[in-house]
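Visitor: I would like to learn how to read a fold residue by residue and strand by strand. Could you take me through the one on display?

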Amino acid sequence: MTPIRRVAAHEVVTPERVFAPGVVELEAGRVVDVYSLVGEQASTEWLGGVITVENGDDRQPKAYYKGKPIK
């Protein structure tokens, strides 16, 4: 089982909505959940700025920070 990586930013922009601030949960580079940040959460990396969630070439949702994929 691949561990879940949790990253947060001032804004997380998805095709459906904007979470400000927001959290993205990733498993092996694939987005498994996106939600609003409410309070401090253990094991969450703060990236700041904007994370964008888009469908990748394989149609799986991927997260990008400063134009680069988050792994």
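Visitor: In which strand is the place of Val-18?

Guide: Strands here are DSSP runs of E with at least two residues, helices are runs of H or I with at least four residues, and both are numbered from the N terminus. On that basis Val-18 belongs to strand β3, which covers residues 18-19. Please keep in mind that this is a predicted model, in which local features need pLDDT of at least 70 and side-chain atom pairs count only at pLDDT 80 or more, while totals for chains, interfaces and linings use all residues. Residues are numbered from 1 along each chain as its sequence is written, and side-chain values use heavy atoms, with hydrogens and water left out.

Visitor: How should I read the accessibility of Val-18, and what is Val-18 in contact with?

Guide: Buried means under 20% relative accessible area, exposed means over 50%, and partly exposed lies in between, with a 1.4 Å probe and protein chains only. Val-18 counts as partly exposed because its relative accessibility is 44%. Contact means heavy atoms within 4.5 Å, and, leaving aside neighbours within four places in sequence, Val-18 is in contact with Glu-11, Val-12 and Val-13.

Visitor: Is Thr-14 buried or exposed?

Guide: Thr-14, in the loop between β2 (11-13) and β3, counts as buried because its relative accessibility is 13%. Not counting residues up to four places away in sequence, Thr-14 touches Phe-19, Val-34 and Val-53.

Visitor: What is the order of the strands in the open sheet?

Guide: Two strands pair if DSSP finds at least two bridges between them. The open sheet has 4 strands in the order β5-β4-β1-β6, with mixed pairing. Because β5 (30-36) and β6 (44-46) each have a single partner strand, they stand at the edges, and one side of each is left without a neighbour in the sheet. Within this sheet, β4 (residues 22-27) and β5 run antiparallel and are joined by 6 bridges, and Glu-27 stands opposite Arg-30 in β5.

Visitor: Which strands pair with β7?

Guide: One of them is β2, which runs parallel to β7 and is joined to β7 by 3 bridges; there, Glu-11 has Val-50 as its bridge partner. Another is β8, which pairs with β7 in the antiparallel sense over 5 bridges, with Asn-55 opposite Pro-61. β7 and β8 form a hairpin with 5 residues between them, and Arg-59 in the turn has a positive phi of about 70°.

Visitor: Which residues have the most contacts inside the largest nonpolar core?

Guide: A nonpolar core is a set of buried Ala, Val, Leu, Ile, Met, Phe, Trp, Tyr and Cys residues joined through side-chain atoms within 4.5 Å. The largest one has 13 residues, and those with the most contacts inside it are Val-24, Ile-51 and Ala-63. The elements that give two or more residues to this core are β1 (4-9), β4, β5, β7 (50-55) and β8 (61-65). Leaving aside neighbours within four places in sequence, Val-24 is in contact with residues including Val-7, Val-31, Ile-51 and Ala-63.

Visitor: How many helices and strands are there in the protein chain?

Guide: The protein chain has 0 helices and 9 strands. Its radius of gyration, taken over C-alpha atoms, is 11 Å, close to the 11 Å that the globule rule (2.2 Å times the number of residues to the power 0.38) gives for 71 residues, so the chain is as compact as a globular protein of that length. Of those 71 residues, 31% count as buried.
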